[in-house]
Amino acid sequence: MVRCDGARAGYKMLCNGSLYKCVCGEIGCTQNKPELCTNQGFDASGKCVKCGAVGKRELLAPEAVGFIRSLMGDPRPSAGA
Ligand SMILES: [Zn+2]
Ligand SMILES: [Zn+2]
């Protein structure tokens, strides 16, 4: 799962944002306002909501690992697991 599976506040819809991982271990998406997503990890400046570190995160990209499998015709797992 590379995309954020949190829910957008007030919308009850899937966030689907890119996920980042902080050096502290926090994983979440980036939103330009606080608490916009139930799984928000960073604000617009890239500041971790947990430890406050700025710019100490990296983009999670597990799709790079699963990409070859996708090319081989493996169907994507259905959403909403
Ligand atoms: Zn999110
Ligand atoms: Zn952090």
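Visitor: Which residues does R3 touch, leaving out those up to four places away in sequence?
Guide: R3 touches N16, G17 and L19. Two residues are in contact if their C-beta atoms, placed from the backbone, lie within 7 Å, so each of these pairs meets that limit. This is a predicted model, in which local features need pLDDT of at least 70 and side-chain atom pairs count only at pLDDT 80 or more, while totals for chains, interfaces and linings use all residues. Residues are numbered from 1 along each chain as its sequence is written, and chains are lettered from A and ligands numbered from 1 in the order in which they are written.

Visitor: What makes R3 buried, exposed or partly exposed?
Guide: A residue is buried if 20 or more other C-beta atoms lie within 10 Å of its own, exposed if 12 or fewer, and partly exposed in between, with C-beta atoms placed from the backbone. R3 has 15 such atoms within 10 Å, so it is partly exposed. R3 sits in the segment before β1, and its C-alpha atom is 9.7 Å from that of Y20, 17 residues away along the chain.

Visitor: What is the phi of N16, one of the residues R3 touches?
Guide: N16 has a positive phi, near 65°, and is not a glycine. Most residues other than glycine have a negative phi. N16 also belongs to the segment before β1, and because it has 14 other C-beta atoms within 10 Å, it is partly exposed.

Visitor: How do you know which strands pair with β1?
Guide: Two strands pair if DSSP finds at least two bridges between them. Strand β1 (residues 19-22) and β2 have three bridges, so they pair, in the antiparallel sense. Here L19 stands opposite C29, and K21 has I27 as its bridge partner. Three bridges also join β1 to β4, again antiparallel, with K21 opposite E58. In the hairpin of β1 and β2, four residues lie between the strands, and G25 takes a positive phi near 105°.

Visitor: Why are β3 and β4 called edge strands?
Guide: The open sheet has the order β3-β2-β1-β4, with mixed pairing. β3 (40-42) and β4 (57-59) each pair on one side only, which makes them the edges. The twist averages 55° from one strand to the next.

Visitor: What makes a group of residues a nonpolar core, and which residues form the largest one?
Guide: A nonpolar core is a set of buried Ala, Val, Leu, Ile, Met, Phe, Trp, Tyr and Cys residues joined through C-beta atoms within 7 Å. The largest has nine residues: C4, C15, L19, Y20, C22, C29, C37, F42 and C48. β1 gives the most to this core, with three residues. Buried residues make up 21% of the 81 residues in the protein.

Visitor: Which residues is C48 in contact with, leaving aside neighbours within four places?
Guide: Among them are C22, F42 and K56.

Methods. Helices (H or I, at least four residues) and strands (E, at least two) are DSSP runs, numbered from the N terminus. Axes are lines fitted to C-alpha atoms, for helices over the stretch in contact, and angles run from 0 to 180 degrees between N-to-C directions.
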